[in-house]
Amino acid sequence: MQYEAVIGLEVHVQLNTKSKIFCSCPTSFGEKPNTMTCPICQGHPGVLPVLNKEVLNKAIMSGIALNCSISKFSKFDRKNYFYPDLPKAYQISQYDKPLCKNGFIEVKKSNGEIKKIGITRIHIEEDAGKLIHSEIKEIRESYVDLNRAGTPLLEIVSEPDIRDAEEAYLYLITLKQRLKFIGVSDVNMEEGSLRCDVNVSIRKKGDTNFGTKVEIKNLNSFSNVQKAIEYEIERQINEVEKGNEIEQETRLFDPEKLITKTMRKKEEAHDYRYFPDPDLVPIVLDDNYIDNIRKSMPELPESIYKRFIEEYKIKEQDALLLISEKEYVDYFESACKENKNNSQKIANFIISEVLGVIKDKKMEFKDIKLNPSEIGKIFNLIESGTISIKIAKEILPDVIDKDIDVENYVKEKGLIQVSDTREIEKIIDKILSENPKNVEEYKAGKTKVLGFFVGLIMKETKGKANPQLVNKILIEKLSK
């Protein structure tokens, strides 16, 4: 019997505003517990929340980036449930009138298929606090840190259009990329600014009815999302094949055992007793407000991809790699300002050399101190014959974490390429006179011996000889 999976994702994204959603407390990560709170985010009786305008603007930007329609009327609701790190015992969220709806993302699968995945809604809400559990086995205690309580969140809910783990992974990658490019969030899963829950059900292929869905939590990486989905699909198929019914429940993913296990039975919407928040007025927008935000939007990845190919004339695959991270795009464009004629060579150098060096040094891209304009200057130096690409590659590990002038650096280190024709001729004459047998081999048609001579010349000049000039003069002399 053939089955297909029906998968939907609920993604929570922390917005990178300086202050919280309904108060002026800061949103810095990693501060001492309970040092960034006030009576409003602590849920004291009688306090009044006030919406942070920047939260609204960034939520609208997110909706536009994800092809949503922006509602001119939306409102806040109270979602009631008790949890130790939820100070008010309710969460301010949006229920039946979300800010953004009916969006979509397109992803390209490994088989070349373009899949359109719908986005049901994007709504604004406040984050809860955080429980910190004792690491001492004998002490079974938990502590509440309310620093995160009141941090602005977007909940992005997909349509149940995803059919396998690959589509889920590509959806998340694309979502993260777009939100990072427009600057609304750092979408850092390690710091909790992007969190994902997965809803999975199965049904017979060709059936239009949905099966019973299971929600999976505790997914701290995109690869774990893939693994959890793959396991859950297999688990549900096995249960149905045994004649058992799938229960609607919330399950946790164990990243060590690569399995899901029951956490609790699933709540329904009515369990939360939603009702409009009486302390917050509805959000009423006009066309001008939305259009002004649309006009101020940063360039989206797909637009940058097309522009890189058309404007910089770089290969499609290289453009795709460069737009995978906003930092790569900015670094590449800044480097090309200094030397646009060599944009393809600069792209190759960043992709193969710069990314390779930071990987070897176990650095983050943001830790690079070498100004991108210096990469452009490197190719000016190569073009003028001052240094070779070999020297450029050799000096990169030494300069990548330094804010220096590359031209001064190569002069100080004595790395300037030898391009004096007379000097190179003298060295070539010496090498040829010392290796007469190899000269005869070349003249007899064994042209591979040319590499032998080039190697000796480069060794003699400590790698400083201009390789193009060496080859030209060497061939001329050997042809006589």
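I started with Ile70, which stands opposite Cys100 in strand 6. Strand 2 and strand 6 pair in the antiparallel sense over 2 bridges; I count two strands as paired if DSSP finds at least two bridges between them. Strands here are DSSP runs (E, at least two residues), helices are runs of H or I with at least four residues, and both are numbered from the N terminus.

A note on the source: this is a predicted model, where local features need pLDDT of at least 70, side-chain atom pairs count only at pLDDT 80 or more, and totals for chains, interfaces and linings use all residues. Residues are numbered from 1 along each chain as its sequence is written, and side-chain values use heavy atoms, with hydrogens and water left out.

Next I looked up the order of the open sheet of 9 strands: 2-6-7-10-1-11-12-13-14, with mixed pairing. Its edge strands are strand 2 (69–70) and strand 14 (259–265), and each pairs on one side only.

I then followed strand 6 to strand 7: they run antiparallel and are joined by 8 bridges. Lys108 stands opposite Ile114 in strand 7. These two strands form a hairpin with 5 residues between them, and Gly112 in the turn has a positive phi of about 90°.

Strand 7 (residues 114–126) also pairs with strand 10 (residues 152–158), in the antiparallel sense over 7 bridges. There I found Glu125 opposite Leu153 in strand 10.

**Helices on the sheet**

What does helix 1 lie across? Helix 1 (residues 53–65) lies across strand 2, strand 6, strand 7 and strand 10, and runs at about 170° to strand 7. For angles I use axes, which are lines fitted to C-alpha atoms (for helices over the stretch in contact), and angles run from 0 to 180 degrees between N-to-C directions.

Helix 2 lies across strand 1 (3–14), strand 6, strand 7, strand 10 and strand 11 (194–204), at about 115° to strand 6.

How do the axes of helix 2 and helix 5 cross? They come within 10 Å and cross at roughly 85°. That makes helix 2 roughly perpendicular to helix 5 (65 to 115 degrees; under 35 is roughly parallel, over 145 roughly antiparallel and the rest oblique).

I also checked who touches whom: Gln177, Arg178 and Phe181 in helix 2 meet Pro301, Glu302 and Ile304 in helix 5, with contact meaning heavy atoms within 4.5 Å. The residues of this contact divide into 3 nonpolar, 1 polar and 2 charged. Nonpolar covers Ala, Val, Leu, Ile, Met, Phe, Trp, Tyr, Cys and Pro, charged covers Asp, Glu, Lys and Arg, and the others, Gly among them, are polar.

**The second largest pocket**

This pocket holds about 1,100 Å³ of space. A pocket is an open set of points on a 1 Å grid over the protein atoms alone, where a 1.4 Å probe fits, with protein on both sides within 12 Å along at least five of seven lines; lining residues have an atom within 4 Å of a point. The volume is the space filled by probe spheres set on the points, which are joined across faces, edges and corners.

Of its 28 lining residues, the closest to the centre are Lys108, Thr174, Gln177, Leu320 and Ile323. Helix 2 gives the most to the lining, with 8 residues. The lining divides into 12 nonpolar, 6 polar and 10 charged residues.
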